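Visitor: I am new to this structure and would like to learn how to read a few of its features, one residue at a time.

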Amino acid sequence: MTHNTPSPRPASLTLLGAGAMGTALGRAWLTAGRPVTVWNRTPARAAALASEGAAVACLLDDDSVGEALEDADLTGRDLVNLTTGTPAQGRARAAWATARGARFLDAGIMAVPPMIGTPESGAYVLYSGSRPLFEEHRDTLAVPAGVRYVGEDPGFAALHDVALLSAMSGLFAGITHAFALIGGEDVAPEDLAPLLASWLTAMTTAVHETAERLSSGDYTTGVVSNLAMQAAGNGTLLRTAGEQGVSAELLLPYMDLMARRVAAGHGDEDGAGLVGLLRLPRAAASRERGAGRA
């Protein structure tokens, strides 16, 4: 005689905020059969998920998640923050949650809303903070997108998130400049696009090479195109921009870093040495962070 053991009830989730990303996350969990309760300041946004089975608990009138939960009893609760923030904010939120008796994970979503809930999209979410919380709820967290745990430090998810987004911004700057150069010429953007995409893909080997050089401290062994050569070649890039009537403002900051490194006697290196030029002294870094918050 066999006894059927009831399947454990799926963990219930409370979703604070139903904007474009919140709605995509909530829809993915609902589709997977997970019970979802949604809070949002704007009734219309919560209504979309309510029509798909979400329970609407209340409407938020507060300006932040912290204010919304200020008087809530979080003892024994699990809090996962999926809003974009800074490493310092992630650490502060972790301390705030822990002081109220909750386990905490901070997260960085590497996707746009249409990618959520679509396995083949390549979307994933970075998590940092309580490893036991992450491991216990890994299956639930993995419903909307892939999951990647990046460390116990609750600021690491935001740190990885912003590092990836910063690299993307630089990539987009180069793409923007490239298309500006062909403007007004008899070159269709669609004709340049495949050349540009394949070239950028080939250049991604620099990511691993730079990581290896930063770890080893060896910036010169096996360098094929050194900084002195690259800096000399920048003149052609700038002259071409001038001839085409295109501003070089997206290129100049990086070129200036190269010129500084060469002037300091490091022309035989590759670009890994430029990383150190961006590191501010601690006092200056504090001022930069303060200016960023102003």
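This is a predicted model: local features need pLDDT of at least 70, side-chain atom pairs count only at pLDDT 80 or more; totals for chains, interfaces and linings use all residues.

Visitor: Where is Thr-31 found, and is Thr-31 buried or exposed?

Guide: A residue counts as exposed when its relative accessible area is over 50%. Thr-31 is found in helix α1, which covers residues 20–31, and Thr-31 is exposed because its relative accessible area is 67%.

Visitor: What does the side chain of Thr-31 reach?

Guide: The side chain of Thr-31 reaches the backbone oxygen of Arg-27, at 2.8 Å. For a view across the chain, consider Thr-31 and Gly-53, which are 22 residues apart in sequence, with their C-alpha atoms separated by 9.3 Å.

Visitor: Is Asn-234 buried or exposed, and which residues does Asn-234 touch?

Guide: Buried means under 20% relative accessible area. Asn-234, which is found in helix α10 (residues 227–243), counts as buried because its relative accessibility is 11%. Leaving aside residues up to four places away in sequence, Asn-234 touches Met-255 and Met-258.

Visitor: Which residues make the nonpolar surface patch?

Guide: Leu-165, Met-168, Leu-171 and Phe-172 make a nonpolar surface patch of about 320 Å². Of these residues, let us take Phe-172, which lies in helix α7, a helix of residues 156–182.

Visitor: How should I read the accessibility of Phe-172?

Guide: A residue between the buried and exposed cut-offs, 20% and 50%, is called partly exposed. Phe-172 has a relative accessible area of 44%, and is therefore partly exposed.

Key. Residues are numbered from 1 along each chain as its sequence is written. Side-chain values use heavy atoms; hydrogens and water are left out. Helices (H or I, at least four residues) and strands (E, at least two) are DSSP runs, numbered from the N terminus. Buried means under 20% relative accessible area, exposed over 50%, partly exposed in between (1.4 Å probe, protein chains only). A polar contact is a pair of N or O atoms within 3.5 Å; within protein, one must be able to donate a hydrogen and the other to accept it, and residues adjacent in sequence count only if both atoms are side-chain atoms. Contact means heavy atoms within 4.5 Å. Patches are made of residues with over 30% relative accessible area and no salt bridge: like charges are joined within 9 Å, nonpolar side chains (Val, Leu, Ile, Met, Phe, Trp, Tyr) within 5 Å. Accessible areas come from the Shrake-Rupley method with a 1.4 Å probe; for residues, only the protein chains shown count as cover. A salt bridge is a side-chain nitrogen of Lys or Arg within 4 Å of a carboxyl oxygen of Asp or Glu.
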